[in-house]
Each structure stands twice: as C-alpha cells, then as structure tokens.
Amino acid sequence: MTRYPHGGTTAPIVASPYGPRRGGAFSFHYGTDFVGYDELKSVLPGTVTHAGWLNSAAGNAIVVDSRDPLSGRTVTVCRFHVGAIAVRKGQTVLEGQTLGRMGFTGNATGPCDHVEIRYWAGGAYTTENPTEWFAARVRPPSSAGGGAQPVVPTPKPPEQEDDPMARIFTKPKDGSTVYELKDGRKRGITNVEWTVIKAAYAAAGEKVPYARNVVTAADLARIPDA
Ligand SMILES: [Zn+2]
C-alpha cells in the first residue's frame with residue numbers, strides 16, 4: 001500500500017501544485033509542494049538512490065526507487081528542499097519510514113516537501129502529477145481486505161470537521177488556499193505567505209526560525225490582510 005509523503009492516508013496540504021506556473025517567464029513545476037508536517041516519510045518500500053546535496057535548485061534531495069504497485073514499473077520518488085537527512089544512499093527503506101525532515105534548501109520560498117514522481121525509459125524520464133498518482137494508489141487501511149487485520153476506522157475525507165487541516169481559513173488574493181488547524185492556534189502557510197513573513201522578519205532585523213511549516217498568531221499578525 002502506498003502512503004502519502006507525510007505517512008498518512010489522506011492528502012497533506014498542497015502549497016504549490018504540479019503543472020505550469022503563472023507569473024513572468026513560463027515555467028513548469030514537475031512536482032507538488034506539500035506542507036504542514038515535519039517528518040518526510042517514504043511512500044513505498046524501496047532503495048535510497050540519492051541522499052544529499054543535489055543542486056542549487058533542488059537543494060538537499062532524497063530519492064527512493066520502488067516498485068510501483070499499480071504498473072509494476074520502477075518508480076523514482078524524489079524529495080527536494082530537504083532539511084535534515086536521515087538515510088544513506090543504498091539503504092533499504094520501508095513504507096512510512098522517516099527519510100528526513102522538511103526544509104527549504106535550494107531554490108525554495110519556504111519549507112515544503114517537493115515530491116516528484118518519475119518513470120525512466122531509454123535514459124530519460126517522464127513525470128506524473130503527484131496528486132493524481134497518490135489518489136490512484138493510497139487506500140485507507142480498512143479497505144485493504146486482509147482478514148486478520150485489525151479494524152481501523154476509515155479516515156474521513158478532507159473538509160470534514162474532524163480533519164485538523166480541513167477548514168479553509170481564508171482565500172488570499174494570490175489564489176492560494178490557507179488552512180486553519182482545529183485548535184485554532186496554528187495553521188499551514190503558503191509559499192507566498194512565507195515570503196511575506198521572511199521579509200517581515202528581515203525588516204525587523206530578526207532571524208527567521210529554520211524549517212517552520214506552521215505559523216503562530218504572532219506570525220499571522222505580520223501578514224497584511226488579503
Ligand atoms: Zn516544488
């Protein structure tokens with residue numbers, strides 16, 4: 001069974017989706033940037049083929065090759081902008097195993113888990129939309145069908161009250177979506193907001209805490225109303 005990159009069976013918050021990016025020059029985002037958690041988990045059992053600095057764009061990267069349970073092909077799952085790395089090249093990992101911690105090394109505007117799904121053929125690779133890729137593979141534990149398995153309640157789909165990240169907090173003018181946590185004290189942030197927060201810290205001559213993926217009420221006060 002496949003897991004989402006935070007180890008769960010419901011999708012994490014998407015800060016930046018796969019596909020063409022709006023803005024100045026045309027660019028294509030070959031992965032999905034997930035936010036709202038700290039530990040990066042392996043989505044499938046596999047072998048680590050890279051763990052360390054990759055380049056100035058990707059920063060620290062962790063790459064795991066696995067057997068795709070749907071197609072049987074080898075799928076390469078890349079994680080970019082990684083903070084701390086907890087695995088070594090050549091190491092075998094289990095599904096759900098911690099690979100490292102979320103960071104924003106390389107060219108990232110804020111802490112995020114850039115997840116890229118690659119399939120290699122003839123010396124080149126193609127990418128798939130991670131949102132669709134995960135949706136086709138991740139199944140709640142109770143639907144696995146194993147007779148001896150303990151009964152686990154089916155996780156509720158997003159946007160129900162019990163999902164701690166489900167409630168849409170606001171819709172800023174930049175089109176990004178912001179979520180409030182259930183306790184109301186912290187919530188995930190978008191890359192755009194992170195840029196604003198970092199600028200506010202810099203203007204105040206303060207150091208930005210490293211690898212934060214949630215903001216506090218004090219941080220929210222630094223974001224101008226959308
Ligand atoms: Zn990305």
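User: Which residue is the bridge partner of Asn 55 in β7?
Analyst: In β7, Asn 55 has Gly 59 as its bridge partner. Strands here are DSSP runs of E with at least two residues, helices are runs of H or I with at least four, and both are numbered from the N terminus. This is a predicted model, where local features need pLDDT of at least 70, side-chain atom pairs count only at pLDDT 80 or more, and totals for chains, interfaces and linings use all residues. Residues are numbered from 1 along each chain as its sequence is written.

User: How many bridges join β6 to β7?
Analyst: Eight bridges join β6 (residues 46–55) to β7, and the two run antiparallel. Two strands count as paired if DSSP finds at least two bridges between them. The hairpin from β6 to β7 goes through three residues.

User: What about β6 and β9, how many bridges there?
Analyst: Two bridges join β6 to β9, and these strands run antiparallel. Thr 47 has Thr 92 as its bridge partner in β9.

User: And β7 with β8, parallel or antiparallel?
Analyst: β7 and β8 pair in the antiparallel sense, over six bridges. Ser 66 stands opposite Val 75 in β8. Their hairpin has six residues between the strands, and Gly 72 in that hairpin takes a positive phi near 80°.

User: Which way do β8 and β11 run?
Analyst: β8 and β11 run antiparallel, joined by five bridges. In β11, Arg 118 is the bridge partner of Thr 76.

User: How many residues of β8 are buried?
Analyst: Five of the seven residues in β8 are buried, so the strand is mostly covered. A residue is buried if 20 or more other C-beta atoms lie within 10 Å of its own, exposed if 12 or fewer, and partly exposed in between, with C-beta atoms placed from the backbone. For the chain, buried residues make up 31% of the 226 residues.

User: OK, Ile 62. Why is it called buried?
Analyst: Ile 62 is buried because 24 other C-beta atoms lie within 10 Å. Ile 62 is found in strand β7 (residues 59–67).

User: What does Ile 62 touch, leaving out residues up to four places away in sequence?
Analyst: The list is Leu 40, Val 48, His 50, Ala 51, Arg 79, Val 82, Ile 85, Val 87, Leu 99 and Gly 100. A contact means that the C-beta atoms of two residues, placed from the backbone, lie within 7 Å. Ile 62 and Arg 79 are 17 residues apart in sequence, with their C-alpha atoms 5.1 Å apart.

User: Which residues touch the most other members of the largest nonpolar core?
Analyst: Phe 34, Ala 61, Ile 62, Val 64, Val 77, Val 82 and Cys 112 do, in a core of 32 residues. β1 (13–16), β4 (32–35), β6, β7, β8, β11 (113–121) and α1 (130–135) are the elements that give two or more residues to this core. A nonpolar core is a set of buried Ala, Val, Leu, Ile, Met, Phe, Trp, Tyr and Cys residues joined through C-beta atoms within 7 Å. Beyond four places in sequence, Phe 34 touches residues including Pro 5, Pro 12, Cys 112 and Val 115.

User: Switching to His 81. What is its phi?
Analyst: Phi of His 81 is near 65°, a positive value in a residue other than glycine. Most residues other than glycine have a negative phi. His 81 lies in the loop between β8 (74–80) and β9 (92–93). His 81 is buried, with 26 other C-beta atoms within 10 Å.

User: Where is Thr 2, and what does Thr 2 contact?
Analyst: Thr 2 is in the segment before β1. Leaving aside neighbours within four places in sequence, its contacts are Val 43, Leu 44, Pro 69, Phe 134, Arg 137 and Val 138. Thr 2 and Arg 137 are 135 residues apart in sequence and 5.8 Å apart in space, C-alpha to C-alpha. Thr 2 counts as partly exposed because it has 19 C-beta neighbours inside 10 Å.

User: Last topic, confidence. Where is it lowest and where is it highest?
Analyst: Confidence is lowest in strand β13 (residues 167–170), at a mean of 36, and highest in β9, at 98. The chain averages a pLDDT of 77, and 63% of the residues score at least 70. pLDDT is the predictor's confidence in each residue, from 0 to 100.

User: Which residues stay under 50?
Analyst: Residues 156–187 do, and the model has 48 contacts beyond four places in sequence for them. Residues 210–215 also stay under 50, with 22 such contacts.
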